[in-house]
Structure formats: structure tokens, C-alpha cells
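Thanks for coming. I'll show one chain and talk through a few parts of it.

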Amino acid sequence: MVFFLVDLDAFFASVEIRDNPALAGKPVIVGALPGHRGVVSACSYEARKFGVHSAMPISQAYRRCPQGVYLVPRMERYSELSEKVMSILGEYTPHLQRISIDEAFLDMSGTERLLGPPLAVGRKIKERVRSELGLALSIGIAPNKYLAKLASEAGKPDGLLQVLPGGEIQFLDGLPLAKLWGVGEKTRLRLQELNITTIPELRRAPEDVLRSMMGEASGNYLYRVVRGEDPGIYSLAPKSRSVSNETTFETDQKGAEAVRRTILELAEQVMYRLMREGLKSNTAVLKLRFADFTTTHAQRTVRHWLTSSDELYRLCLELLGQRWNGSTPVRLVGVGTDNVVGGQEAVQQELFEDQSSRKRRVEEAVTRIREKMDGVKLTKASLLGQNRRRRPSRPSGA
Ligand SMILES: [Mg+2]
């Protein structure tokens with residue numbers, strides 16, 4: 001298996017610089033204007049040198065980098081360029097899994113005879129995106145998606161890095177623990193309590209100890225990823241994903257008003273689900289089943305993510321106009337969204353918001369670690385102390 005993870009570098013900021021070359025070399029921060037509420041959605045590498053990073057409040061970014069160029073996001077422009085990048089990527093494989101506006105996995109398994117060695121293909125993709133669209137990206141190549149993601153991160157910016165089969169462990173061992181995708185600050189602190197600060201140390205921890213200390217899901221996850229295994233967080237297949245709701249009328253409907261009202265309700269339900277699950281879609285789907293049980297689906301893809309139930313509703317009304325003569329009785333109406341992407345963040349959070357481990361007694365775990373891990377110097381007192389201090393300040397998301 002050969003997977004590419006293609007990730008545009010500092011995407012929103014890079015688009016701004018591309019569209020306004022006077023910004024090149026400057027710390028560009030996309031999010032909000034100074035003095036306004038908001039967070040950094042992207043920033044150039046020059047801005048990162050000042051300690052600015054994504055998700056940081058703009059006020060804090062401004063304190064660190066008052067000389068920065070602050071811009072409001074232009075999502076439609078980013079979507080437009082994203083589509084162009086994705087269509088270039090799509091020329092190399094039909095198996096493209098877009099995971100966000102600026103990232104996609106390409107399953108390149110079995111393409112070598114046709115396209116050449118993966119590294120050469122990666123180089124070609126980078127050249128094309130740079131020359132045709134003026135954007136830089138990083139590509140990680142590996143035998144599975146998880147490692148491809150790590151390889152793309154490790155190569156940034158403008159990176160191209162391949163992890164060869166058999167080289168997984170060596171690659172992982174060269175990374176700081178914090179670079180393991182899915183290991184956030186909290187997890188790192190908890191691991192620190194176990195005296196685990198590096199990837200090789202984490203690999204030496206017994207599976208059941210990780211599970212009892214970190215929770216079933218997280219423990220499992222950590223145990224697998226340090227062995228170069230794919231934990232399956234990217235196994236969602238956006239192509240086949242859709243989110244939809246439908247209603248069967250109690251009696252077949254001829255009234256346009258009732259059909260429209262139902263579409264509006266369904267659009268609201270569907271958008272709510274998308275937002276709650278952190279999913280995005282650019283495709284509205286309308287399903288109609290008529291009294292004679294013939295069923296029709298119509299869909300419309302737009303060049304941006306659907307952001308409101310209003311928009312989904314309007315698109316569905318257009319589709320309704322195309323597919324319904326307004327007099328054939330309607331038996332069922334469905335509203336959906338297709339090409340649904342995202343949700344990976346949500347999955348990650350869930351994994352690590354798993355508080356079930358907290359219910360277990362820390363002492364018990366400490367005893368077991370002492371028994372099982374050679375050379376671990378761990379004092380029960382400090383472990384308990386840290387847990388006690390942290391607990392009240394952590395409103396559980398679980
Ligand atoms: Mg990116």
C-alpha cells in the first residue's frame with residue numbers, strides 16, 4: 001500500500017500572499033483584524049517565528065506580532081483554489097479522500113508501473129501545484145495513512161518525505177513525542193507522569209498499562225501508532241458518506257407548500273447534524289418518491305461548503321423545481337448532503353476526552369507499572385498530586 005497525504009502549507013495565508021505578492025516574506029495572519037474578536041485561522045511561516053499559531057486569539061497574536069499583516073478570511077477564494085488543487089490531485093488517482101479544505105489522502109497503491117516511483121510523482125504534483133496555482137504544499141508518503149500524515153507534517157514546509165515499508169519504526173523514533181498525531185497536551189502530560197517522554201519509551205510501555213492509565217481508546221491508539229500501525233482515524237470514506245433525513249407523508253402530498261415546509265425542516269435537521277459532527281459538505285441532495293413508488297434523486301454541488309440550512313433549503317427547492325411537476329402526489333421527501341468530509345477532529349477529541357480511565361484508581365495503576373516497567377522511576381505522591389491539581393480545572397467534555 002502507498003498513501004500520499006497532500007497538505008497545502010499555511011493555506012489561507014499562502015493564498016493571500018499569492019493574490020497579493022507584496023505580502024511575500026511578511027508575517028501574514030488570517031483570522032480577524034486587530035482589535036476584533038477572533039482566532040488565527042492560518043498564518044505564514046514568518047508569523048510563526050513570532051510564536052503565532054493557528055487557533056490563537058487575535059489579541060494574543062497581535063501582542064506577539066504587532067507588525068503582522070492581519071486579514072479577514074476569504075473562504076470562497078480558498079475554496080475555489082482548493083477545488084483546483086483537488087482536481088490536479090484527482091488526475092493522479094481516482095482514490096482521493098479529501099479530509100479538509102487543504103488536505104487530502106491519495107491512495108497510490110499499484111500506480112508505480114503507470115506513473116513511476118512515488119517520490120517522483122510527489123515531486124511532479126508539487127511542481128504542478130506551484131507552477132499552475134502558485135501554492136506550496138507538503139507531501140508525506142507511507143505504507144499507511146497515519147504515517148503519511150506524520151511524514152507530511154515532518155517535512156513541512158514545502159516537504160516531500162517518504163517512509164518506506166520497513167522504515168516505519170526508524171522514522172517514528174526520529175520524531176518528538178508531541179509530533180505523534182493525536183497526542184495533545186493533556187495526553188503528553190499524562191504520559192510524562194509515567195516518565196514517558198519519547199516515542200521509544202512509549203513503545204516499551206505494556207499495552208494493559210497504557211489502557212488503564214490512558215483509557216481504553218487512547219491506550220489502544222497509542223499502543224498501535226508507536227508501532228507504525230494505522231489506528232484507523234482516517235478510515236472514513238468521504239465519497240460514500242452522506243448525511244440525510246427523510247420523511248414519508250402520512251398521505252401522499254400534492255401541496256407544494258407542505259412539500260416545501262418538509263424540505264425546510266429536513267434541511268435544518270441535516271445542517272444541524274453536519275455542524276455538530278464537525279462535517280462539511282458542498283453537495284445538496286433531494287430525494288423524492290412519488291405515489292407510484294418511483295424514486296428520484298437529484299443533487300447539486302456548489303463550490304464552497306454549505307454553511308446554512310437556508311442555503312441547503314434553497315438548493316433543494318431548485319432541485320424540486322427540476323424534478324417535480326407540482327401535481328404528481330409525493331409520498332416521501334428526503335434532504336441530504338453528499339461528499340461529506342471532515343469529522344476527523346471530532347474523532348480525535350472523542351478518543352482523548354475518554355474519561356473512563358479516571359474512574360480507575362491511580363494507585364492500582366502505579367502498582368502495576370512498578371511491577372511491569374523496568375527502570376521507571378515514578379513517585380506515587382507526585383502522580384497523585386498532579387492529578388488532584390488538574391482535575392478540578394478540567395471540565396469534562398465526556
Ligand atoms: Mg495545511
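Before the helices, a word on how an axis is defined here: an axis is a line fitted to C-alpha atoms, for helices over the stretch in contact, and an angle between two axes runs from 0 to 180 degrees between N-to-C directions. Keep in mind that this is a predicted model.

With that in hand, take helix H4, residues 75-90, and helix H6, residues 118-133. They pack at an angle of about 145 degrees, and their axes are 11 Å apart. The crossing of H4 past H6 is right-handed. Which residues in H4 meet H6? On the H4 side they are Leu81, Lys84, Val85, Ile88 and Leu89. On the H6 side they are Ile125, Arg128, Val129, Glu132 and Leu133. Sorted by class, this contact has seven nonpolar residues and three charged ones, with no polar residues.

Now the chain as a whole. The secondary structure comes to 17 helices and 14 strands. The chain has 398 residues, and 36% of them are buried. If you take the contacts with a separation of 6 or more, 64% are between residues 24 or more positions apart.

Next, the core. How many residues does the largest nonpolar core have? It has 97. The residues with the most contacts inside this core are Phe4, Ile29, Cys43, Leu312 and Cys316. Helix H13, residues 256-276, supplies the largest share of the core, which is six residues.

Let me stay with Ile29 for a moment. Leaving out residues up to four places away in sequence, Ile29 touches Val40, Cys43, Ala47, Val52, Ala61, Cys65, Gly68, Val69 and Tyr70. Cys43, in that list, is also one of the residues with the most contacts inside the core.

Last, the strands. Is strand E6, residues 103-107, mostly covered or mostly open? Mostly covered: four of its five residues are buried. E6 pairs with strand E1, residues 3-8, in the antiparallel sense, and five bridges join the two. One of the pairs is Val6 with Ala104, the latter in E6.

E6 also pairs with strand E5, residues 96-100, again antiparallel, over four bridges. Here Gln97 has Phe105 in E6 as its bridge partner. E5 and E6 form a hairpin, with two residues between them. As a general point, side chains in a regular strand alternate between the two faces of the sheet.

That is what I had. Questions are welcome.

Methods: Residues are numbered from 1 along each chain as its sequence is written. This is a predicted model: local features need pLDDT of at least 70, side-chain atom pairs count only at pLDDT 80 or more; totals for chains, interfaces and linings use all residues. A crossing is left-handed if the near helix is turned anticlockwise from the far one by less than a right angle, and right-handed if clockwise. Two residues are in contact if their C-beta atoms, placed from the backbone, lie within 7 Å. Ala, Val, Leu, Ile, Met, Phe, Trp, Tyr, Cys and Pro count as nonpolar, Asp, Glu, Lys and Arg as charged, and the others, Gly among them, as polar. A nonpolar core is a set of buried Ala, Val, Leu, Ile, Met, Phe, Trp, Tyr and Cys residues joined through C-beta atoms within 7 Å. A residue is buried if 20 or more other C-beta atoms lie within 10 Å of its own, exposed if 12 or fewer, and partly exposed in between; C-beta atoms are placed from the backbone. Two strands pair if DSSP finds at least two bridges between them.
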